[in-house]
Amino acid sequence: MGNLFCLVQVDQSTVAIKETFGKFDEILDPGCHFLPWCLGSQLAGHLSLRVQQLDVRCETKTKDNVFVNVVASVQYRALADKASDAFYKLSNTRSQIQAYVFDVIRASVPKLNLDDVFEQKNEIAKAVEDELGKAMSAYGYEIVQTLIVDIEPDEHVKRAMNEINAAARMRLAANEKAEAEKILQIKRAEGEAESKYLSGLGIARQRQAIVDGLRDSVLGFSENVPGTTAKDVMDMVLVTQYFDTMKEIGASSKSSAVFIPHGPGAIRDVATQIRDGLLQSSAHQ
């Protein structure tokens, strides 16, 4: 019906290209326009002014000879005041943008090592955007934004990088574990030293108490029983302790202790040895 009355409609965010007898005439903005087809006027086509996005995957090599796939996302749109250039000068806009992206990425990435590519992806995106902006403005297009959305090394390289990272973390964990074990051993040694010190102190006090008790017993017995000497009392005490010890050894079925030499005639020798040791100890004190 619109063609019958020579009327055409141009949608919002779109412009139409009007030609007269095949020659560019004017740009038609959104709305309703009179198009006298009988006088040679016609629509050559429509051009969207919306922002469009093109994802470009480019394979290249880094400075340290690692092949990577770089994915760049380019957002662009046609300029309304240069709609005729955008419509007539380029036959395939997306292929043209892709070619420029390939050129910039393959000129920038080979100058960087793999780690630097990840760190400087914003600089790479800026270089792509600047180059595209200068080139595409001549064709009536504006580059809105360019992003490097993915940097994907070869699968073997990614596996190797993960293994290096895992090895570094395992080495750090091993160091921390060794340091913890070192601290534990030091604390255990300090605890054992303190325990042995306290044990030795207790044994010394125990022996001192035994000596004091024996001395008091000998003195008390000598005073209460006339005619006895300290040696007689000590021999009796030692013989009594000897038989108490033998009784305890015999009462235990799992005891492996035995006195050598052993026998009734050896009691005096045992008493003499013990007494001499105690007297020598007292003399040193």
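Trainee: What makes strand β7 (residues 67-78) largely enclosed by the rest of the structure?

Mentor: Count its residues: 9 of the 12 are buried, so the strand is largely enclosed. Buried means under 20% relative accessible area, exposed over 50%, and partly exposed in between (1.4 Å probe, protein chains only). A strand is a DSSP run of E, at least two residues long; a helix is a run of H or I, at least four; both are numbered from the N terminus.

Trainee: What kind of model is this, and how are its residues numbered?

Mentor: It is a predicted model: local features need pLDDT of at least 70, side-chain atom pairs count only at pLDDT 80 or more, and totals for chains, interfaces and linings use all residues. Residues are numbered from 1 along each chain as its sequence is written, and side-chain values use heavy atoms, with hydrogens and water left out.

Trainee: How do you know that β7 pairs with strand β6 (residues 52-61)?

Mentor: Two strands pair if DSSP finds at least two bridges between them. Here 10 bridges join β6 to β7, and the two run antiparallel. Lys 61 has Phe 67 in β7 as its bridge partner. The hairpin of β6 and β7 has 5 residues between the strands, and Asn 65 there takes a positive phi near 60 degrees.

Trainee: Which strand is joined to β7 by 11 bridges?

Mentor: Strand β8 (residues 141-153), also antiparallel. Asn 69 has Glu 152 in β8 as its bridge partner.

Trainee: What makes β3 and β5 edge strands?

Mentor: The sheet is open, with 3 strands in the order β3-β2-β5 and antiparallel pairing. β3 and β5 (41-48) each pair on one side only. Neighbouring strands are turned by 30 degrees against each other on average, direction ignored. Between β2 and β3 there are 5 bridges. Ala 16 stands opposite Leu 28 in β3.

Trainee: Why is Lys 18 called buried?

Mentor: Its relative accessible area is 10%, so it falls in the buried class. Lys 18 lies in strand β2 (residues 14-20). Its contacts (heavy atoms within 4.5 Å) include Phe 24, Asp 25, Glu 26 and Leu 43, not counting residues up to four places away in sequence.

Trainee: How do you know that the charged end of Arg 106 sits over the ring of Phe 102?

Mentor: The rule asks for NZ of Lys or CZ of Arg within 6 Å of the ring centre and within 35 degrees of the ring normal. Arg 106 counts as over the ring of Phe 102, at 4.8 Å from its centre.

Trainee: How many disulfides are there?

Mentor: The count comes to 0; a disulfide needs a pair of cysteine sulfur atoms within 2.5 Å. Cys 32 is exposed at 58%, while Cys 58 is buried at 0%.

Definitions and conventions: Axes fitted to C-alpha atoms, helices over the stretch in contact; angles between N-to-C directions.
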